[in-house]
Amino acid sequence: MLGRIIWIIAWSTIYGATIEPLGYLLSTGVVTFALLAYFNRRGWIFNIVLSVATPISIFILFDTLLKSPLPRGILGP
Amino acid sequence: MEVWDKLLFGFTVALSPANFLYCLIGVFIGTIVGVLPGLGVMNAVAILIPMTFGMNPTTAMIMLAGIYYGAMYGGSTTSILINTPGEAPAIMTTLDGYQMALQGRAGPALGIAAFGSFIAGTFATIMLMVLAKPLVKVALSFGPTEYFSMLVLALCTLGGLMGESVIKGLLMAAFGIFLGTVGIDPVTGAERFTFGIPELMDGIGFLPVAIGLFAIAEVLITAEMEMMRPVVEKVKGLLPSAKDWMASKGAIARGTIIGFLIGCMPGGGATLASVVSYLVEKKVSKHPEQFGKGAIEGVAGPETANNAASGGAMVPLLTLGIPSTGVSAVLLGALMLYGVRPGPLLFEKNPDLVWGLIASFYIGNALLLVINLPLIGIWVQLLKVPFQKLLAFILVIAITGTYATNNSVTEVYITVIFGVIGYLMKQADLPAAPVIMGIILGPLIETHFRRALIISNGDYSTFFHHPLSAIFLCAAIGSILYPVIRWVVKRNHGLKAAKA
C-alpha cells in the first residue's frame, strides 16, 4: 500500500515542479493521467477523457471565470 | 423593531441574484461533499477558499457557510443509506438510520432528517439574531487582556471537549501556534524560524497547511482503502407519516436546543451535539430498547442537533470573532484573508456581510429542503462512484487552489509536505483541527498578549486583575484539568467501593 502513497506524493511534487515551466494545462493533464493510470486501471477511455477535461475545466474556472491567472507555459503566447 | 429592519436589509442582500446563486451553489456543493466519501467539509471549504478571492466577501462567506451546513445535511444521507457517516457529526445517525433503511423506511428517515435540520437551522438563525446585540455590547467592552484570555480558552477547550485525548489536542494546538510564529515578528521585525529562506519571511499561510492536512492527507488515507459498500437503493415515501412526526417532535425540540447551546460553546461542535442529543433521547424515551433497532427519534434528535450546532457556532464567530469549531476557525481564516476583521465591530462596519449572511442561512436551509427531497435519487447514484475515480480530480483541484492563491510554487510544496504530515498524524491518531486553530489563533493571541502587556507596563498579573479575563483563564485551566479530576474522583469511588 505504500506504493500508492509514494505515487501520489511523487506526482504532486512533479506537479509543483512543472506547473510553471510546462504551463497549467499540460502539467495538469499529465498528472491527472498518471494518477488515473495507477488507480483506475480498467477504463482507458474514461482516463483519457478525464485527463483532457479536468485541466480545461479547472483552467476555465480559475483563469477565465474567477480571474485568477494560471501559467500558460509553453502553450502560451 | 430594529432587528426586523436589519433582517429585512439582510434579505435584500442575500436575495440579490449573485448572492442567491452562490448560496445555491454552496448548499449544493456542500451536499455533494457530504455525500461523497473521502471529502470532508473542512477539505471542501479549504479547497474552495482560493476560488472565492475574486468575489465580494459577503458572497464568498454566504457560499462557504452554505457548504458547511449543506455538508451537515449530506452527511446524514450516507449514514442512512450505507451505514457510513459522510461527516463525523452524522455518526449517531448510522445507529438508527441504517436500521430504518434496512426495514424499508429509508424515505421517512431521510425526510425527518431534512425537516429536523430545517427547523434547527431556522431556530439557530433566530437565536443568533436575538443574541447578537447583547453579545456585541459585551464584546465591545473587551480589551486586549480579555481577548487574550478568551482566545486561550477557545484553544484549550477544543482539544478537550471533542471527546478525544486532551493531551493530543493541546499538543496539536501547540504545533499550530508554533507554525503561526514562523515569519517576521510583528512587533520587533526580527525573523523567526525562517532559516534564511525568503519565502518563509511572510510566514506559513493557513491555507496551504489546511489544504495539506485535510484534503491531501484525506486523499492519501483513502487511496489505501478498497471501497465497496452496499447501498440501500429503495427509497420511497420521503414524507414522514403523522405517527413519525408524533414520535419525533420532542426529539426535534430537544435536539434544537441542545445543539444550539453546544454549538455556541467553545470546543462544542456538531459531533458532540449529536452524541449528547442521542443519549438524551435514549434516556427520556419510554421504549429505550428500540434505540439501535430503527427508532425514528434516534435519527431526528442527532440530525436536528448537529444542524443547530453549526448555526450556534456562528454566534461566537460573528459577535466575538472567536471560532468554536474547526470549521468556524477556517471561516475565520477566510474572513481575515478577505481583509475583513471579525469581531464585534463587524456588525457596525460590515452590516451587509453580517445580516446578509444571517438571512442567507434561512434561504440556504429552505433551499436544502427543496433540492434534497427530489434529488435523493441522484445522491444515491453518487454514492456508487468509487473514490479511485475521484482521487485525481480532488488532488489536482486542491493543488490548483493552493497555487492560485499567491501564484506560489513554494506553497504547493508546503501543501504536499503537510499532506504527508497529516497522513502520519492520522496514523498516530492525532487530530488535525487543533493545528488549524493554533495557526489561525496563535498570531491573534500573541498580538493581544503583547498589547495587554504594553498597557500594563509588563505586569503579568493584569490577566488576573481583569475579572472577565480571570474567569476565562480559570475556565481554560479547568478544562485541561477536568480529565484528571474525573480520573481522581473515579479512583476514589473505586477505592470506597472496594472497601465496602
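Two residues are in contact here if their C-beta atoms, placed from the backbone, lie within 7 Å.

The model is predicted: local features need pLDDT of at least 70, side-chain atom pairs count only at pLDDT 80 or more, and totals for chains, interfaces and linings use all residues. Residues are numbered from 1 along each chain as its sequence is written, while chains are lettered from A and ligands numbered from 1 in the order in which they are written.

Chain B to begin with. Its secondary structure comes to 21 helices and 2 strands. Those are DSSP runs, numbered from the N terminus: helices are H or I with at least four residues, strands are E with at least two. The C-alpha atoms of chain B fill a box of roughly 65 × 65 × 55 Å along the principal axes.

Is chain B compact or extended for a chain of 500 residues? A compact globule of 500 residues would have a radius of gyration near 23 Å, and chain B has 23 Å, so the two agree. The radius is taken over C-alpha atoms, and the globule rule is 2.2 Å times the number of residues to the power 0.38.

Now burial. Of the 500 residues of chain B, 55% count as buried. Buried means 20 or more other C-beta atoms within 10 Å of the residue's own; exposed means 12 or fewer; partly exposed is in between, with C-beta atoms placed from the backbone. As for contacts in chain B with a separation of 6 or more, 80% come from residues 24 or more positions apart.

Next, one loop. It runs between strand 2 (191-192) and helix 9 (206-223) of chain B, and F193(B) lies in it. T194(B) lies in that loop between strand 2 and helix 9 too. Which residues does T194(B) touch, leaving out those up to four places away in sequence? They are V182(B), G183(B), L200(B) and M201(B). T194(B) and T181(B) are 13 residues apart in sequence, and their C-alpha atoms are 9.8 Å apart in space. T194(B) counts as partly exposed because it has 16 C-beta neighbours inside 10 Å.

Back to F193(B). Its phi is positive, about 50°, although it is not a glycine. Most residues other than glycine have a negative phi. F193(B) has 13 C-beta neighbours inside 10 Å, so it counts as partly exposed.

D429(B) also has a positive phi, about 65°, and is not a glycine. D429(B) sits in the loop between helix 18 (409-427) and helix 19 (433-455) of chain B. Why is D429(B) exposed? Because 9 other C-beta atoms lie within 10 Å.

Last topic, the contact between the chains. Chain A gives 25 residues and chain B gives 24. On the chain A side, helix 1 (2-18), helix 2 (24-39) and helix 3 (44-65) each give two or more residues. Helix 1 of chain A gives the most, with 8 residues.

Now helix 2 of chain A against helix 17 (residues 387-406) of chain B. Their axes come within 9 Å and cross at roughly 155°. The axes are lines fitted to C-alpha atoms, for helices over the stretch in contact, and angles run from 0 to 180 degrees between N-to-C directions. The two helices are therefore roughly antiparallel, a label for angles over 145 degrees. T28(A), V31(A), T32(A), L35(A), L36(A) and F39(A) meet Q388(B), L391(B), A392(B), L395(B) and V396(B).

Methods:
Parallel < 35°, antiparallel > 145°, perpendicular 65-115°, else oblique.
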